[in-house]
Amino acid sequence: MVDIKSVFKTYNNKKVIDDVSLTIPKGKITSFIGPNGAGKSTLISMVSRLIAKDEGIITIDGEDISKSKDSELARKISILKQSNSMNVKLTVRELISFGRFPYSKGNLKREDWKKVDEAIAYMELADIQHKFLDELSGGQRQRAFIAMVLAQDTEYILLDEPLNNLDMRHAVQIMKTLRRLCDELGKTIVIVIHDINFASCYSDEIVALKDGRIVKQGHTCDVIDSCVLKEIYDMDIEIKEIEDQRICVYF
């Protein structure tokens, strides 16, 4: 369980995270939604300790992350940021193997390569695993970076807009894969996502942010609500029930 208590973050005298408190349940998919500038990416970065909080406490399984060693935290929580670029010449397989660094320190053993192969299979990358990253489309590269995170094999997985650059088929593939990781392997997954219909259909919990504060948090049915979405996005969004899923119509 991730517990966030009274967390603040300020940039250039502007509060981008303003007294946020929430609990992220274990073994579930939690989606962060909200307009640009809501603080979603900043919050997820503070949970992973990529960005230092100004005030407050963040704990994972009861342990204050500010007191955790980097090596210990890297075995417990992994994150994929929104923008990923590498200037070195790497194949897909080499990139994915980087996910094993917290365990292997660069000296991969049989168990490490097994995790790499599993991640390649999960993301359907076997046919391009020996290609260089600069030979791939944006969507293929995104899938490779997600596979690197999967190879890290942490209990907590944080993904900042993982559907960037993906076509519909691969976006669905990613969300189904995340659902399997949660349901079959008990992973705790936190996603920053703009597509509220993907959030609605695949999440257990949704946290809606605006202007650095939480507007609403709870089960999907509590947040995917016309009144709540109006407050978040300042627009009228009709909700349709289709096969027990709440679909937002906003076109």
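Start with an open sheet of four strands, in the order β2-β1-β4-β5, with antiparallel pairing. Its edge strands are β2 (14–24) and β5 (63–64), and each pairs on one side only. Some conventions before I go on. This is a predicted model: local features need pLDDT of at least 70, side-chain atom pairs count only at pLDDT 80 or more, and totals for chains, interfaces and linings use all residues. Residues are numbered from 1 along each chain as its sequence is written, and side-chain values use heavy atoms, with hydrogens and water left out. Strands (E, at least two residues) and helices (H or I, at least four) are DSSP runs, numbered from the N terminus. Two strands pair if DSSP finds at least two bridges between them.

Back to that sheet. Strand β1 (residues 2–11) pairs with β2 in the antiparallel sense, over seven bridges. Within that pair, Asp3 stands opposite Thr23 in β2. Helix α1 packs on this sheet and touches β1, β2 and β4 (55–60). The direction of α1 makes about 120° with that of β1. For angles, axes are lines fitted to C-alpha atoms, for helices over the stretch in contact, and values run from 0 to 180 degrees between N-to-C directions. Contact means heavy atoms within 4.5 Å.

How covered is helix α1? Mostly: seven of the eight residues in α1 (residues 40–47) are buried. Buried is under 20% relative accessible area, exposed is over 50%, and partly exposed is in between, with a 1.4 Å probe and protein chains only. The buried ones are Lys40, Thr42, Leu43, Ile44, Ser45, Met46 and Val47. Just after α1, Arg49 takes a positive phi of about 70°.

Next, the other sheet. Six strands form an open sheet in the order β6-β7-β8-β3-β9-β10, and the pairing is mixed. The edge strands here are β6 (77–80) and β10, each pairing on one side only. The twist averages 15° from one strand to the next.

Take the β6 end. Four bridges join β6 to strand β7 (residues 156–160), and these two run parallel. Leu80 stands opposite Leu159 in β7. Helix α6 lies across β6 and β7, running at about 175° to β6. Helix α10 (residues 226–233) also packs on the sheet, touching β3, β9 and β10. The direction of α10 makes about 35° with that of β9.

Now the β10 end. Strand β9 (residues 205–210) pairs with strand β10 (residues 213–219) in the antiparallel sense, over six bridges. Ala208 stands opposite Lys216 in β10. The hairpin of β9 and β10 has two residues between the strands, and Asp211 takes a positive phi near 55° there.

Ser31 sits in strand β3 (residues 29–33). Is Ser31 buried or exposed? Buried, with a relative accessible area of 0%. Its side chain joins that of Ser203 through a polar contact of 2.6 Å. A polar contact is a pair of N or O atoms within 3.5 Å; within protein, one must be able to donate a hydrogen and the other to accept it, and residues adjacent in sequence count only if both atoms are side-chain atoms. Leaving aside neighbours within four places in sequence, the contacts of Ser31 include Ile191, Ile193, Ala199 and Glu205.

On to the cores. A nonpolar core is a set of buried Ala, Val, Leu, Ile, Met, Phe, Trp, Tyr and Cys residues joined through side-chain atoms within 4.5 Å. The largest has 51 residues, and Ile33, Ile96, Leu125 and Leu178 touch the most other members. Helix α6 (residues 138–152) gives the most to this core, with eight residues. Apart from it lies another core, of 25 residues, among them Ile58, Leu73, Val192 and Leu209. As for Leu178, with neighbours within four places in sequence left aside, it is in contact with Ile29, Leu159, Ile189 and Ile191.

Cysteines, quickly. A disulfide is a pair of cysteine sulfur atoms within 2.5 Å. For Cys248, the nearest is that of Cys201, at 8.7 Å. Cys221 is partly exposed at 43% relative accessibility, and Cys248 is buried at 2%.

Last stop: Phe251, in the segment after β12 (245–249). Phe251 is exposed, at 87% relative accessibility. The C-alpha atoms of Phe251 and Ile237 are separated by 8.7 Å, with the two residues 14 apart along the chain.
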